[in-house]
Amino acid sequence: IDLTIKNNVLRGGGSGIYANGWNTSCCYAPGTIITDNILSDNFGVGIHVYYSDAPIVTGNTILGTVNSNFIGLRHADNYDGMVGLSGGKFMGNKIICYIGKTGIAISGSGTTANPNITGNNFIYMGDNTVGVSGILFDGAFVTASAIYYNSVHVRSTNSSSVAFKAKGVVFNTDVQNNIFANTGGGLCDSFPNIFFTMDYNNLYTTGSSMGMVGASSYADLAAWQVGSTQDVNSISTSPMFASNTNLHTCNDTLRAGNSIILVSDDIDGTDFRPFSNPVIGADEFPASFTPTYAISNICVGSPVIIKGSFPGAVYTWSNGDSTQRISFIANLPDTLIVQAANACQSFSDTLSIIPNPIPIVDLGGDSGCTGITLDAGPYVAFNWSTGDITRTIKPATPGTYSVEATAVPYTH
């Protein structure tokens, strides 16, 4: 059974989307795709995927605004051990819980070969009325999950709020390249025990304790590494988010991740993950913030596309545009000024746009003389009817001669 839910705006209701694939006669439903939806003011759950084989949930924006027990995204029982079933992909979602308890709740399992992948998500938790969790392993037993490249920001000042938490036993699970940041004074991590692996994460808290395993509390990264035996290559630094809810960043210290082939780009889909030292968190940003705008070889009437060098910045163009990418037709010489700012710095650049005239080839009038020079003009490439490829030729015999001249990107 294939089910696609795409490009909808869904407001209110107990759940924004509730996809239950249970089939009592044989199996869990395959082919569930939920993508590019906007969900807000849902009471219980934004997106709930239940009893589904390899569901795909990507690119959704989920806003928690009405219920302190709200869950942004919940995936549960997405694999029942039947041969051929595999985990889902829950990637590239933006979950902003101004009010709400859990960003992403996981109680379903994948397989060793095909785990449930929760990756490249932005998760903000700001509700102070309850103890919140950014990512929560919610089942008594969860196995075969992969938690990669998520950016979690917990700002709730409730003392029991945690960026990454497990309630029960978690096996055969890999947790890498995530930002688990708690600026409300609470924990980055809290587990009853650890039977899974964590490394190359950024664990950051403004509180006095970084994490807990059982009843044991660990104050900082060094203590956490010793006590939990995890996160040997992890770091602890302020992510420098663009804002509380915009989790793009440009802190070069985060360029300390581990390459994972299962996640090839970032939440914006515009920056590919490098093979060495990818950025920790959902946002991969360029190594240099020097603006790189290129305009080359344009003619009058040409379409021009200019794109800023990194996503997540706020752009202001002198022609009135405010997007990262702009397009227009170059008819006259012009000058564009762009200003861009992100969480770390701002810059400006001036671009001169000078379109070249469309090439015109004129070999002159017909002539009764031989030995004359035919000149195709000051262009870049030539193709004469004689087979010559030079700018000029001297015909030795009477005849009809023609030429095609190229001036990038036009021919005439």
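**Figure 1. Salt bridges in the predicted model.** Seven salt bridges are counted, a salt bridge being a side-chain nitrogen of Lys or Arg within 4 Å of a carboxyl oxygen of Asp or Glu. The model is predicted, so local features need pLDDT of at least 70 and side-chain atom pairs count only at pLDDT 80 or more, while totals for chains, interfaces and linings use all residues. Residues are numbered from 1 along each chain as its sequence is written, and side-chain values use heavy atoms, with hydrogens and water left out.

**Figure 2. Arginine 74 and aspartate 138.** The closest N and O atoms of this salt bridge are 2.7 Å apart. Arginine 74 belongs to strand β11 (residues 71-76) and aspartate 138 to the loop between β17 (133-137) and β18 (141-143), so the pair ties together parts 64 residues apart in sequence. Strands (E, at least two residues) are DSSP runs, numbered from the N terminus. Arginine 74 has a relative accessible area of 18% and is buried (buried means under 20%, exposed over 50%, partly exposed in between, with a 1.4 Å probe and protein chains only).

**Figure 3. Lysine 167 and aspartate 138.** Aspartate 138 also meets the side chain of lysine 167 in a salt bridge, at 3.1 Å from N to O. Lysine 167 sits in the loop between β21 (162-166) and β22 (169-176), and this pair links parts of the chain 29 residues apart. With a relative accessible area of 52%, lysine 167 is exposed.

**Figure 4. A network of salt bridges.** Asp252, Arg255, Arg273 and Glu284 are linked in this network. Between aspartate 252 and arginine 255, the closest N and O atoms are 2.8 Å apart. Aspartate 252 is partly exposed at 41% relative accessible area, and arginine 255 is partly exposed at 22%.

How values were computed:
Helix = DSSP H or I, 4+ residues; strand = E, 2+ residues; numbered from the N terminus.
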